[in-house]
Amino acid sequence: MDGLDYCALALAAVLAVPPLVLAVECLVASARRVRPTPPPRDRVPCAVLIPAHNEELGLGRTLDALAPELIPGDRVLVVADNCTDRTAHVARGREHVEVVERFDATRRGKGYALAFGVDALRDQPPAVVVILDADCVIGPGSLARLVALAHETQRPVQAAYRMNPPAGAKAERGIAAFAFVVKNVVRPLGLKRLGQPCLLTGTGMAFPWPVISAAKLGHGHIVEDMQLAVDLVVAGHGPRFAPDAAVSAEFPTADAAAGSQRRRWEHGHLRVIRAGVPRLLASALRGRLSSLALALELGVPPLSALVLVAGAVLVALTGYAVFGGSPWPAAVLGAACALAALGLGLAWLRFGRTVLPVRTLLRVPLYAVRKVPLY
């Protein structure tokens with residue numbers, strides 16, 4: 001092997017890390033079924049914080065699903081954030097729901113709304129704060145599971161968050177829904193079984209009051225949940241995953257809205273990779289294994305980006321080998337990609353068949369290619 005061969009091998013080794021991390025998480029998560037535990041009979045009262053920006057159409061459904069989960073002493077606080085519709089009116093129409101309104105033309109974003117809501121709770125701080133998006137439905141027993149686990153461990157807890165395709169949606173929404181299942185259910189479950197923290201997903205999150213009251217929330221980061229997870233792990237408060245606690249929402253019905261939402265998520269993810277991975281690796285050098293685990297998890301880009309980049313480089317390395325270069329770089333990256341494909345296949349069998357039918361699987365490569373302009 002000459003110098004060019006070694007450079008190609010180094011490139012292949014670096015690019016093989018994300019597929020290998022993905023493969024391990026998927027394989028571990030798919031090894032056995034999730035066995036739901038009964039909701040705890042007793043729990044401490046909590047505060048449910050719901051940031052809402054122009055959510056008059058979906059907020060009522062969210063509050064209706066939440067109501068049966070509440071116990072005496074719970075508080076529900078809706079932060080109507082820079083709203084121009086009837087969001088605050090809808091919230092005030094529900095019994096036992098508190099509403100605060102926030103108007104700020106310069107500091108816009110969910111992070112600022114969360115900080116405003118936490119500040120509103122400081123006079124009578126609850127033991128646990130649960131954050132729920134205004135367009136999400138919480139599953140039966142899930143609030144009790146989240147609150148009990150957060151209170152018992154004094155660590156943040158993340159529920160399994162699924163995005164479902166609306167009725168009559170195009171096949172691409174099923175692919176996107178499966179990608180969400182992999183990101184928000186399969187991979188966190190693998191990390192849980194490996195004893196490592198998970199990323200936060202923005203909704204269905206429970207925090208002990210000492211943790212959330214000290215967190216840096218007031219910023220306009222696009223994916224404030226990922227940024228918060230990095231901050232918490234560096235501070236020694238790694239989030240735990242609760243697979244039997246569930247929240248769900250639907251993708252927007254309009255293609256333009258869905259595309260805009262996806263663009264914000266994926267661009268935000270790539271920005272957090274750039275800033276967060278070095279912080280986590282620096283923390284890992286101080287002996288914190290959880291920081292290394294989350295750095296590897298965060299370093300896995302969105303599935304479409306991973307497929308596009310790894311596939312393109314694998315084709316290039318294969319061509320390099322055909323024209324006289326070393327075959328080892330292509331073999332290393334190819335093996336990592338094959339393991340990732342195996343892990344994703346098992347994850348689909350275990351978790352994804354209801355959202356991604358067999359007939360749609362053949363469209364996955366085309367779906368990834370169509371997202372090139374997004375990146």
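**Ground rules.** The model is predicted, so I kept in mind that local features need pLDDT of at least 70, side-chain atom pairs count only at pLDDT 80 or more, and totals for chains, interfaces and linings use all residues. Residues are numbered from 1 along each chain as its sequence is written, and side-chain values use heavy atoms, with hydrogens and water left out.

**The sheet.** I looked up the strand order first. The sheet is open, has eight strands with mixed pairing, and runs β3-β2-β1-β4-β7-β6-β8-β5. Strands here are DSSP runs of E, at least two residues, and helices are runs of H or I, at least four, numbered from the N terminus. Two strands pair if DSSP finds at least two bridges between them.

Which strands stand at the edges? They are β3 (97-102) and β5 (137-138); each has a single partner strand, so one side of each is left without a neighbour in the sheet. I followed β5 to its partner: β5 pairs with β8 (240-250) in the antiparallel sense over two bridges. V137 has S248 of β8 as its bridge partner.

**Helices across the sheet.** I noted that α4 (110-121) lies across β1 (46-52), β2 (75-81), β3 and β4 (128-131), at about 140 degrees to β2. Helix α5 (142-153) lies across β1, β4, β5, β6 (157-164), β7 (205-208) and β8, at about 145 degrees to β8. Axes are lines fitted to C-alpha atoms, for helices over the stretch in contact (heavy atoms within 4.5 Å), and angles run from 0 to 180 degrees between N-to-C directions.

**Buried spots.** Is T87 buried or exposed? T87, in α3 (87-92), is buried, with a relative accessible area of 0%. Buried means under 20%, exposed over 50%, partly exposed in between (1.4 Å probe, protein chains only). Leaving out residues up to four places away in sequence, T87 touches A52, N54, E55, E56, L59 and A80.

In α8 (224-234), 11 of the 11 residues are buried, so the helix is largely enclosed by the rest of the structure. Among them are E224, D225 and D231. Just after α8, G236 takes a positive phi of about 90 degrees.

**The surface patch.** I found L20, L27, L339, L342, L346 and L349 in a nonpolar patch with about 450 Å² of accessible area together (Shrake-Rupley method). The elements giving two or more residues are α1 (3-30) and α12 (328-352); α12 gives the most, four. L20, in α1, counts as partly exposed at 35% relative accessibility.

Conventions. Patches are made of residues with over 30% relative accessible area and no salt bridge: like charges are joined within 9 Å, nonpolar side chains (Val, Leu, Ile, Met, Phe, Trp, Tyr) within 5 Å. Accessible areas come from the Shrake-Rupley method with a 1.4 Å probe; for residues, only the protein chains shown count as cover. A salt bridge is a side-chain nitrogen of Lys or Arg within 4 Å of a carboxyl oxygen of Asp or Glu.
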